[in-house]
Amino acid sequence: MVRVSTITLFILFIVSAGYEIAIFAVPTMMLEGDYQAITGKSYEEILPPEAIRVSVFHTRHMMVIGIAHKVAAFFILFAGFRKAERWAWWAMLAVGGIAYTYGAVVNVLNGNMQDSVLLLVALVVFVVALLLPVKKFLARSS
């Protein structure tokens, strides 16, 4: 089960990193979805050009943090998780759980259904991948 879980998490992190790279390259995709969900209008209708530049800057900053999260997750995944080390399961729970849960909750609350669905699916895949081998990680050693 650890192997299946490791492969599942690897694929999830690759897809997530791809999404973050795409948003980094074209941050207005995320701005448009959020502004449409919250205001019912395009960000271009609401924001002056200076505010758009600031929003793009902040969106790119968030994507760099997301990509850094994936790098950390890959290290955890291959340094300890695939070896069924207990610390790696807890680290993965913290690192992935915070990121996917926060993203899903924020987008649900904002009404951004497109991103909500993506993040909720990612959260479910993440939780299933963590729970599949849970006995192996958390079993008491004698």
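Trainee: What share of the contacts in the protein chain, counting residues at least 6 apart in sequence, joins residues at least 24 apart?
Mentor: That share is 69%, where a contact means heavy atoms within 4.5 Å of each other. Keep in mind that the model is predicted: a local feature needs pLDDT of at least 70 and a side-chain atom pair counts only at pLDDT 80 or more, while totals for chains, interfaces and linings draw on all residues. Numbering starts from 1 along each chain as its sequence is written, and side-chain values rest on heavy atoms, leaving out hydrogens and water.

Trainee: How many helices and strands does the protein chain have?
Mentor: Seven helices and zero strands, in the order α-α-α-α-α-α-α from the N terminus. The C-alpha trace spans about 65 × 25 × 20 Å along its principal axes.

Trainee: Let's take single residues. What makes Met-92 count as buried?
Mentor: Its relative accessible area is 0%. Met-92 sits in helix H5. Beyond its neighbours within four places in sequence, its contacts include Leu-9, Phe-13, Ala-73, Phe-126 and Leu-130. From Met-92 to Gly-80, twelve residues away along the chain, the C-alpha separation is 9.8 Å.

Trainee: Why is Ala-84 called buried?
Mentor: Its relative accessibility is 19%, and that falls under the cut-off for the term. Ala-84 belongs to the loop between H4 and H5.

Trainee: What is the phi of Ala-84 near, in degrees?
Mentor: It is near 60 degrees, a positive value in a residue other than glycine. For background, most residues other than glycine have a negative phi.

Trainee: What is the volume of the largest pocket?
Mentor: About 810 Å³, meaning the space filled by probe spheres set on grid points joined across faces, edges and corners. A pocket is an open set of points on a 1 Å grid over the protein atoms alone, where a 1.4 Å probe fits and protein lies on both sides within 12 Å along at least five of seven lines; a lining residue has an atom within 4 Å of a point.

Trainee: Which residues lining the largest pocket are the closest to its centre?
Mentor: Of the 26 lining residues, they are Glu-20, Met-63, Ala-99, Gly-103 and Leu-119. H5 gives the largest share of the lining, seven residues.

Trainee: Where is Leu-119 found?
Mentor: In helix H6. Leaving out neighbours within four places in sequence, Leu-119 is in contact with Tyr-100, Gly-103, Ala-104 and Asn-107. Leu-119 and Thr-28 lie 91 residues apart in sequence, with 18 Å between their C-alpha atoms.

Notes
Helices (H or I, at least four residues) and strands (E, at least two) are DSSP runs, numbered from the N terminus. Buried means under 20% relative accessible area, exposed over 50%, partly exposed in between (1.4 Å probe, protein chains only).
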